[in-house]
Amino acid sequence: MSDISAKQSELAEAAPDIPARQSLFARLRKNRLSLFGGFLVLISVFMALSAPYLPLQDPNAVDTSVRLSAIGTPGHLLGTDELGRDIMSRLFWGARITLTVSLAATLIAMITGTILGLVSGYFLGWTDTVISRGVDVLMAFPYFLLALTVIAILGPGLLNGMLAIALVNVPFFARIIRGSTLSLRESDFVLAAKGMGAGHTRILFRHILLNSLSTLVVATTINLGFMITAAAALSFLGLGVQPPTSDWGTMLASGRQYLSAAPHTSYLPGLAIFLTVLGFNLLGDGLRDALDPRMRDS
Amino acid sequence: MIDRTDKPTAPILQVRDLKRFFSVSDGLLSGTSGELRAVDGVTFDIKAGETLGLVGESGCGKSTLGRVIARLMPATSGEVMFEDRDILNLDHRTLLALRADIQSVFQDPFASLNPRMTAFALIQEPLIIHKVGTRETRRAKVHDLLRTVGLRPEFADRYPHEFSGGQRQRIGIARALALEPKLLILDEPVSALDVSIQAQIINLLAELQDRLNLTYLFISHDLGVIQHVADRVAVMYMGQIVELADNEEFYANPRHPYSMALLSALPLPDPHIARDRILLHGDLPDLANLPDGCRFQSRCAHVSARCRKSPEPPLAAVSPGHLVRCWNLADIHPGADTD
Amino acid sequence: MITHPDQHQAASQSTPPPPLLEVKNLTTEFSTYAGTLRAVDGVSLSLSPGEVFGVVGESGSGKSVTALSIMGLIRRPGRIVSGSVQLRDHGDLLTKSHADMRKIRGDLISMIFQEPMTSLNPVFRVGWQIAEALRLHRNMTKPEAAEQAVELLDRVGIGSPRQRAREFPHQLSGGMRQRVMIAMAMACAPSLLLADEPTTALDVTVQAQILDLMIQLKDRDGAAILLITHDMGVIAEMAQKVAVMYAGVVMEEAAVGDLFDNPMHPYTQGLLDSIPHGTSRGKALKAIPGIVPNLLHLPTGCRYRDRCPAAHAPCARAEPPLHQMSGTTHRVRCWLHHPEPPK
């Protein structure tokens, strides 16, 4: 008995060693652009996290004596806005709100969309019909109009704005996950799991979701970019964050009136939005390449 | 070294008139639908401890048959008895128990292993599903299984893509063995492997069968592999068994014209054999729209008027244990005695 | 029933004609993330008109890359590092421009691939695809080429060819698609046909038909065939000469009879012993231990050394050359058969 195992071991093991796996980071590092994207994302995350700990001025302290002061004014490194509030401080504190709202909205959309996509793609039949048609209805409305409708019903505000942009992004995730579920449910390893007696929950989460993770990571990263724009747009229209708290979108909106006199009051928050969205998109592209199995190892 | 004489003869699996149809639609607009008869009235037994070789070309229904028996796919009608259980009519709990007894090994060792799970997690999964043992005993069991299939336990934390094709198939076999099954459905287990690796896996399967007293349903398109591994051979064509016989009998005296064509088409690794190849002509009939009479009529060299009329020929014994589905055996094999 | 006369004798009957194709010291490399690997490492082959030359090997042996290199179809990240591919009357193919190679491909040299579905364009009718080759290389008019395409389909044994020519690839069975590929390859009556696993994706009964068709066409047109396969059975039926490849090099080369009667390289012996056959039943097969090597991590010395049952001291010291056994055409890359193994 042990003879057999020993012999078989020899047979299989005379193999040369398999080269070590390349880590996700090592693969990501080869892509300069995505590295740059990651750097941009890191900066905005740093801004958001560090705001309470840095010696910044109160972002809501009004001082009408220094209205619309220029970049480089002593005491106000990036100048002040129309009420004399320190722009640098408002950018740091605004990052907290912009990022939290978009991240939370993305998470809500991702979790809801993923569950809907998994269930409809796996069980098919009437479950799929109901979910997919629901998703189609959501997609039939113009993206932003739908968000505005939701706010019209719920009323403006930070939380409602977040729910609104989360809802309009559910179809994005539901579609992607349904697609990968449809192909994965036919795979041999799902068949093998059925043959072992695995239940639906196990197959859905352990086999199908686990293999959709890379798709999901990429989709989420790219979606975060959308979400930042959407959150800023809602605030710009005055439907998101309510004064005096402000995010980049409201800063952009209030600076707009002084575009010729003090352009930096609008282009600084605009630049922050632009660079953060760019960062997430570049990082998402890089992640997609790095997670593609065809790019792995050799 | 492998003693095949003292095997018990009681059937472990009895398949009776098993059918599996798929519904098909004719096109986008017509909306009419028919039935594709992937498995159409299959009857056979597998004895405990033997290897039944199931051979046929692509689309003949051999994989579907294996999947229905492994309860990976429901049957349309028929009966499958495993030991004393009617496996097509089981409630949830008894089905789970049956799954422990019948396990499958798949053709593509890459597709059948979840790429996101380590070898350890893959082999442990059936133990977790069936709530076998504790964390420690499961770990020991997985390491045991790895050694059994000829892999070092140190490899346990690697992912499928870090193994070669043959090693991956060893993981697939270890996983199938985890619940100590009695019957293994081997669906083309060596077809995706290189020749030199194929031999390793065939040897491993033979050793395991001997050691663990396993019964195999060995599905393959390769008549050479089947000749090496099988005790009895069943040939499938268009959803039906057309010939069933002991290994030696089948390879020495194939009776069905399709079996004869299959055997003659097998390229042999010997340049000195100049053979008469039987080339089949004509097309395969449409499984959703079968002709009256014998399903092989459109490609058969011995076709007669009777073959084109209903009913189709039955699977009848020509000698003890040798069953053939053909009307014209007396004409095709004039010297042979048929009873 | 169709009987084959013993085709294996055909090549040795008369004095050998001058080679049609002479590949010398062909080396092709691929750069990967993990390093540069040599898929083909100094391969030399020579084919005469009317001959079937078999190249047999497992995955990663370099047999397909050899064919692609001959066709000039190696693309980045691959590149041909050295060697020459002499086609009779046309010089070294490796020095030809892309435009010249396009004229040669499909006209003088054709290739058949393993998977006919992926080699046929799904959006064009099969007749049109065959006619395209004729219009490119033979300057035929559209109606002429279309007519010729129907004739070719008829010649490769496709029933009601006029109707089939108007069908799309997905409407044909696997065997018929491979027949269409052969019709395309044969359209300009090439002098050399490269067939890369032409029957691997097909059922045995269809494989028999396709092999039969290839022999008929070769006998009629006198083309040479480079037949690449992993199947020793197909080699035995089809080829007159055989090269056994392993990890990018030719390990053994001989006339087909010699190779099967007297396999000299331990790898060839191992391959032949691995094949299940009638008399092996109930016994363990003699499997080759280990796995097919990773080309990035080849052992030093002989690259088969770590799987070889006959490995001994010289094998680790240096890679053996492909040594010609005296008085024969049998060549072996093994120190066991070399007069002066390294001390």
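The housekeeping comes first. Residues are numbered from 1 along each chain as its sequence is written, while chains are lettered from A and ligands numbered from 1 in the order in which they are written. Since the model is predicted, local features need pLDDT of at least 70 and side-chain atom pairs count only at pLDDT 80 or more, though totals for chains, interfaces and linings use all residues; side-chain values use heavy atoms, with hydrogens and water left out.

In chain A, helix 9 (residues 200-236) packs against helix 11 (residues 264-291) at an angle of about 170°, the axes being 8 Å apart. Helix 9 of chain A is therefore roughly antiparallel to helix 11 of chain A, the label used for angles over 145 degrees. Axes here are lines fitted to C-alpha atoms, for helices over the stretch in contact, and angles run from 0 to 180 degrees between N-to-C directions. Helices (H or I, at least four residues) and strands (E, at least two) are DSSP runs, numbered from the N terminus. On the helix 9 side, the residues in contact (heavy atoms within 4.5 Å) include A:Val217, A:Ile228 and A:Ala232, and helix 11 of chain A brings A:Phe280, A:Asp285 and A:Arg288, among others. By type, the residues of this contact between helix 9 and helix 11 of chain A come out as 12 nonpolar, seven polar and two charged.

Next is the interface of chain B and chain C, where 42 residues from chain B and 49 residues from chain C take part. About 3,800 Å² is buried between chain B and chain C, with carbon and sulfur atoms giving 56% of it; buried area is the accessible area (1.4 Å probe) that two parts lose on being put together, summed over both. B:His228, B:Pro271 and B:Arg277 supply 19% of the area that chain B buries against chain C, more than any other three residues. Two salt bridges are counted between chain B and chain C, a salt bridge being a side-chain nitrogen of Lys or Arg within 4 Å of a carboxyl oxygen of Asp or Glu. C:Arg281 and B:Glu248 form a salt bridge through their side chains, at 2.8 Å from N to O. The elements giving two or more residues to the side of chain B that touches chain C include helix 6 (195-212) and strand 11 (276-277) of chain B. Helix 6 of chain B has the largest share of that side, seven residues.

Over all chains, the structure holds 36 salt bridges. In chain A, the side chains of A:Arg178 and A:Asp128 pair up at 2.8 Å, N to O. This pair ties together distant parts of the chain, with A:Arg178 in helix 7 (residues 158-184) and A:Asp128 in helix 5 of chain A, 50 residues apart.

As for the backbone, most residues other than glycine have a negative phi, and most peptide bonds are trans. A:Leu124 has a positive phi near 50° and is found in the loop between helix 4 (87-123) and helix 5 (125-140) of chain A. B:Ser310 and B:Pro311 are joined by a cis peptide bond with omega about -5°. The bond from C:Arg76 to C:Pro77 is cis as well, with omega near 5°.

Definitions and conventions. Parallel < 35°, antiparallel > 145°, perpendicular 65-115°, else oblique. Nonpolar A, V, L, I, M, F, W, Y, C, P; charged D, E, K, R; others polar.
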